[in-house]
Structure formats: C-alpha cells, structure tokens
Amino acid sequence: MLDDIWVDDSVLALRPDFAVLIVTAHGLRNGPTDDRSRAWLAAASAVEVPTDKIDAWKDAYRAFGAKPQRTRPSVDALTRRMPLPEINRVVDAYNAISVKHALPIGGEDLDKYVGPARLVRASGDEASEEALGQPEPGEVIWRDDIGVTCRRWNWRQVVRTRLTEETTNAIFLLERLEPMSLEELKQAGEELSELLTELSPEVRISSRLLSSGK
C-alpha cells in the first residue's frame with residue numbers, strides 16, 4: 001500500500017506546510033503492556049510538551065470548521081492524559097514518540113484496510129462508524145475504499161482498523177505541521193522504528209514521506 005497512499009490537493013491548499021511520514025511494519029509481535037513499554041510511557045510523560053506545535057494543529061482544525069476545544073487534535077488529547085495510558089506494546093511505543101515530539105501519530109492494522117489510505121476533504125456522505133458520526137462536508141478525513149478511518153484529520157480513529165495485540169502488520173501516520181521541521185519528523189520516524197524493532201527484531205519496516213513538494 002505504501003506507494004499508493006496520497007494526500008488530496010485540497011488538504012495541501014488548506015495547510016501547505018503539512019507533511020506525513022508513512023511507516024509500515026510487517027511481522028510485528030505485539031502483546032500487553034510490559035515493563036519495557038511502561039518505561040517508554042513514563043519517560044515521555046516527563047517531557048515538557050511545546051505548546052507551539054499543538055497550537056498549529058488547533059489552527060488547522062479551525063481552518064476546516066472544527067472546534068479544537070471540543071474535538072481535540074490527537075496529540076493535544078494525549079498530552080492531557082498524563083500519566084500516559086497503557087494500551088499494548090505497539091500503541092505504547094507510538095504514543096511515547098507522539099508525546100516526546102508533540103506529533104500526531106496514528107497507528108492502524110494494515111490488514112484491515114481495503115484499498116489505499118488517503119487524506120481528503122470529506123463530501124459528507126462517506127461511510128463512517130456510528131460512534132464517530134458522519135463527517136461534515138469539507139472536513140479533513142483519512143479514509144480507504146470502505147469509508148472513514150479517522151475523522152477530523154487525527155481526532156479519532158475507527159474501531160475497524162484499530163491496533164490490537166493480534167496485529168502483525170501495521171501502518172503509522174506521523175503528521176507534521178510547522179514549526180516542526182522535516183528533520184525532526186524523520187527523526188521521530190527513526191525513533192519509532194527503533195522501538196518497533198526492539199519489540200519485534202524480525203520486523204520489516206518501510207517508510208515514505210509525503211509533502212506539498214512531492
């Protein structure tokens with residue numbers, strides 16, 4: 001799927017500084033939170049989160065009509081849940097990197113996708129899980145051939161593609177706005193890859209950067 005993922009021009013027109021680093025991991029061995037992933041969460045919880053990066057995401061939400069105080073960007077919501085919650089080893093890994101870099105990261109089960117992921121402005125008639133509600137016209141959403149996979153850019157993911165302890169193949173979407181540099185985005189991706197490799201030494205990791213210049 002990696003080469004088929006795309007970002008619609010209407011999203012880049014909204015935020016020309018947007019970039020997403022896509023990381024795929026095949027052959028993961030996930031499981032319940034353990035002492036290792038618990039330590040990653042504790043270290044991330046001790047980091048002082050820079051507010052300018054989160055403010056950039058609040059501005060992006062306002063640009064397509066969302067109210068970030070009501071539906072918060074994922075990294076904003078996560079940093080308000082200190083100490084970080086224990087989910088499972090793989091989710092713990094990407095949540096720790098997300099908070100460390102104040103970077104929204106979505107992690108999903110690659111095998112549950114139908115067709116490629118793409119970031120688009122919603123028409124408003126996309127299929128969506130009842131708990132998430134229907135996207136509004138113009139809302140920024142991630143979707144596949146079935147329908148919505150994440151509403152309001154990175155606010156909330158669907159259950160269908162959720163990472164579980166049984167997940168073996170995963171996709172991670174690391175989403176950047178300025179003032180984060182592309183160099184820091186790539187560094188966050190490398191750190192995530194290192195944690196995933198520590199969890200699963202046989203994992204096969206690939207990545208691709210998408211931005212307005214590509």
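Predicted model: local features only at pLDDT ≥ 70, side-chain atom pairs only at ≥ 80, totals over all residues.
The buried residues of helix α5 are R89, V90, V91, D92, A93, Y94, N95, A96, I97, S98, V99 and H101, where buried means under 20% relative accessible area, exposed over 50% and partly exposed in between, with a 1.4 Å probe and protein chains only. That makes twelve of the 13 residues of α5 buried, and the helix mostly covered. Residues are numbered from 1 along each chain as its sequence is written, and side-chain values use heavy atoms, with hydrogens and water left out. Helices (H or I, at least four residues) and strands (E, at least two) are DSSP runs, numbered from the N terminus.

The length of α5 agrees with expectation, because its 13 residues should span 18 Å at 1.5 Å a residue and its end C-alpha atoms are 19 Å apart; the expected span is 1.5 Å times one less than the number of residues. Just after α5, A102 takes a positive phi of about 50°.

A102 also leads us to the largest cavity, which it lines together with K53, W57, L103, P104, E175, R176, L177 and M180. On a 1 Å grid over the protein atoms alone, a cavity is a set of points where a 1.4 Å probe fits but cannot get out; a pocket is an open set with protein on both sides within 12 Å along at least five of seven lines; and lining residues have an atom within 4 Å of a point. The largest cavity holds about 40 Å³ of space, and a search of the whole structure finds one cavity of 30 Å³ or more. Grid points are joined across faces, edges and corners, and a volume is the space filled by probe spheres set on the points. Helix α3 (51–63) and strand β8 each supply at least two residues of the cavity lining.

How many residues of β8 are buried? Eight of the eight are, so β8 is largely enclosed by the rest of the structure. N169, I171, L173 and E175 point one way from β8, and A170, F172, L174 and R176 the other way. Strands pair if DSSP finds at least two bridges between them. β8 pairs in the antiparallel sense with strand β2 (residues 19–26) over eight bridges, with T24 opposite I171. β8 also pairs with β3 in the antiparallel sense, over five bridges, and there G106 stands opposite L173.

I turn now to the largest pocket, with about 830 Å³ of space. Of its 34 lining residues, the closest to the centre are R81, Y94, W155, R156 and Q157. Elements that each supply at least two lining residues are α4 (74–79), α5 (89–101), β3 (105–109), β7 and β8 (169–176).

Finally, five strands form an open sheet of mixed pairing, in the order β1-β4-β5-β6-β7. β1 and β7 (156–157) stand at the edges, each with a single partner strand, so one side of each is left without a neighbour in the sheet. Two bridges join β1 (residues 6–7) in parallel to β4 (residues 118–121), with W6 opposite R118. R118 also stands opposite R143 in β5.
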